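Open the structure in a viewer and keep the selection panel at hand. The stops below go one after another, each with something to select and a note on what is there.

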Amino acid sequence: MSKAGRLILTSLRKRFRLADGVMEAVAPLSLTIEAGQFVALVGPSGCGKSTLLRMVAGLEQPDEGRILLDGRPVTGPGPERVMLFQSPALYPWLTTLGNVTFVLTKRIADRAAREALARRYLREVGLAAFEAAYPAQLSGGMQQRVALARALAFGPEVLLMDEPFGALDAQTRSLMQELLLRVWRENRTTVLFVTHDVDEAIFLADRVLVMSARPGRIIDDLPVPLPRPRSLDVQMEADFLALKRRVLTWIRREIGL
Amino acid sequence: MRQWLRLRRPLPPHLATLLGATFLGALFVAWAAATGSGAVNPLFLPAPGAIVHAAIEGLRDGTLLDDTRISLIRITVGWLLSTVAAIPIGTLMGSYPFFNALLEPFVGFIRYLPVPAFVPLSILWFGVDERQKLVLLFIGTFFQEVLMIADNVRAVPQPLLESSATFGFGDREILRRVIVPYALPGMMDTMRITLGWTWTYLVLAEEVAATRGLGHTIMLAQRYLAPERILLGIFVIGLLGMVSDLLFQALTRKLFPWARGVRR
């Protein structure tokens, strides 16, 4: 796969007009994310991390500054930047297989090729046996796996993930994290992953960005040198814990503890 | 007994059917007893037998089927006109704040007007022919239906639209290929409920200058002091309404098997 997916954010700023004045969500913020990098964004709730992600997705327009993806300015949503939400956002009238092939119509003209690719990724997330099921027949964790398979099969340059495992129980979440890393290892797309779970951020990412309380700025930029592939046991190692302590200290300070 | 009176605890299906039938049966027995014993003046409440008799008579001289047929046609056409208009307009209102801002104040205003208030205007505009009756049915149905369709469309979750946009679907494509399919089962519920409302305006529409129809027969029976024919008309309307409701529910289940457990 070619190395596309380099993101450059320059002096990005976002304010929201509220009933009682203006709320600054994202302070002027600059950031470069290399192609194929897995970047996690953590910070206290309401710090503007989701807003930042939505601006990269093109779902919100920045008030100032600009976003470049491989040198092209981002002006709206586009298929090179797919977003995964906390809710699976599946099409309830389509089967598991149909949910994947429906979006693939944007990429692949041949129906058989679409189905083959969709099946490959459904197998990857362990849902091969459920390709004919409708979303309402699947558990929340299975639905999110379909959404993950759909996004990965689509193969965007950048995958934007907004607390995608936040609504899942602890066991399912761990499984999803390992699954995501396994599939990501093969296609190495650029990932920007928003979470408030510090363990999750460090476990998944090459680099953890810590955001301040509102208005959001980046107050720390930590490389995560833990070797890959990682297993869940890494979360008990000293290097991991040192990183975790550092991030948590920042966050506690930001929420005023 | 206590086990059947738990909050939201489902009943065994046979028991549910039995309960509904028991209540209806008890009402019928009470009715038959009240009229059969002579405790109630048959002018106010005729005996069940008198209604059966009126039904047989109506079937024999053809008026019952004729009235039913003409009323069914009016209901169907009036409701179809309303639905054909409400689906596209409601979809636009629920999808684009522009169209909602444009139309909502107008619809909201008309919606609160009592339909009988339109009877004089409808006669002034359309005379006493079939169009006047359809217009009343339309007014009674459309202004409610269009807002409910708009709500069905608003029930499509925002992440589904945003997710589709990031996969490269444009606005029009999302409207056609995501919003409409998602909202269809909800729209079917709306159509079923508003069809019931069209039925409720039938008597009003057939009150003025009609020569046939179930509503007309009911009004006529009042004039001739024939309460058994009033009740017969009411029963036929209730029965047809109930049947159409059940058919609609069955059709929705058949067409949209995926919609069980999906918010709509």
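Start in chain B with H7(B) and H8(B), where H7(B) passes H8(B) in a right-handed crossing. Handedness here follows one rule: a crossing is left-handed if the near helix is turned anticlockwise from the far one by less than a right angle, and right-handed if clockwise. To show the contact, select Leu160(B), Leu161(B), Ser164(B) and Ala165(B) on H7(B), then Ile174(B), Val178(B), Ile179(B) and Tyr182(B) on H8(B). Contact means heavy atoms within 4.5 Å. Coloured by class, this contact has seven nonpolar residues, one polar and no charged ones. In that scheme Ala, Val, Leu, Ile, Met, Phe, Trp, Tyr, Cys and Pro are nonpolar, Asp, Glu, Lys and Arg are charged, and the others, Gly among them, are polar.

Before moving on, some notes on the model and its numbering. This is a predicted model, in which local features need pLDDT of at least 70 and side-chain atom pairs count only at pLDDT 80 or more, while totals for chains, interfaces and linings use all residues. Residues are numbered from 1 along each chain as its sequence is written, chains are lettered from A and ligands numbered from 1 in the order in which they are written, and side-chain values use heavy atoms, with hydrogens and water left out.

H7 of chain B covers residues 158–166 and H8 of chain B covers residues 171–200; they pack at an angle of about 150°, with their axes 11 Å apart. Axes are lines fitted to C-alpha atoms, for helices over the stretch in contact, and angles run from 0 to 180 degrees between N-to-C directions. H7(B) and H8(B) are therefore roughly antiparallel to each other. The angle classes are: under 35 degrees roughly parallel, over 145 roughly antiparallel, 65 to 115 roughly perpendicular, and the rest oblique.

Zoom out to the whole of chain B. Its secondary structure comes to 11 helices and zero strands. Helices (H or I, at least four residues) and strands (E, at least two) are DSSP runs, numbered from the N terminus. The C-alpha trace of chain B spans about 75 × 60 × 30 Å along its principal axes.

Stay in chain B and select residues 119–126 (H5) and 130–154 (H6), whose axes come within 9 Å and cross at roughly 140°. This crossing of H5(B) and H6(B) is right-handed. Val119(B), Ser122(B), Ile123(B) and Phe126(B) of H5(B) meet Arg131(B), Gln132(B), Val135(B) and Leu136(B) of H6(B). Five of these contact residues are nonpolar, two polar and one charged.

Next, show both chains. Which residues of chain B lose the most area to chain A? Chain B and chain A bury about 1900 Å² between them, 70% of it on carbon and sulfur atoms; buried area is the accessible area (1.4 Å probe) that two parts lose on being put together, summed over both. On the chain B side, Thr166(B), Phe167(B) and Trp258(B) lose the most, together 38% of what that side buries. The contact takes 18 residues from chain B and 25 residues from chain A.

Two salt bridges are counted between chain B and chain A, a salt bridge being a side-chain nitrogen of Lys or Arg within 4 Å of a carboxyl oxygen of Asp or Glu. Select Arg54(A) and Glu162(B), whose side chains meet in a salt bridge at 2.7 Å, N to O. Arg54(A) lies in helix H1 (residues 49–57) of chain A and Glu162(B) in helix H7 of chain B, so the pair joins two chains.

The H2(A) residues in contact are Thr96(A), Leu97(A), Val100(A), Thr101(A) and Leu104(A), facing Arg114(A), Glu115(A), Leu117(A), Ala118(A), Arg119(A) and Leu122(A) of H3(A).

Finish on the backbone of chain A:

- Arg214(A) and Pro215(A) are joined by a cis peptide bond with omega about -5°; Pro215(A) is in the loop between strands E9 (207–211) and E10 (218–223).
- Arg228(A) to Pro229(A) is also a cis peptide bond, with omega near -5°; Pro229(A) lies in the loop between E10 and helix H7 (238–254) of chain A.
- Asp70(A), not a glycine, has a positive phi of about 50°.
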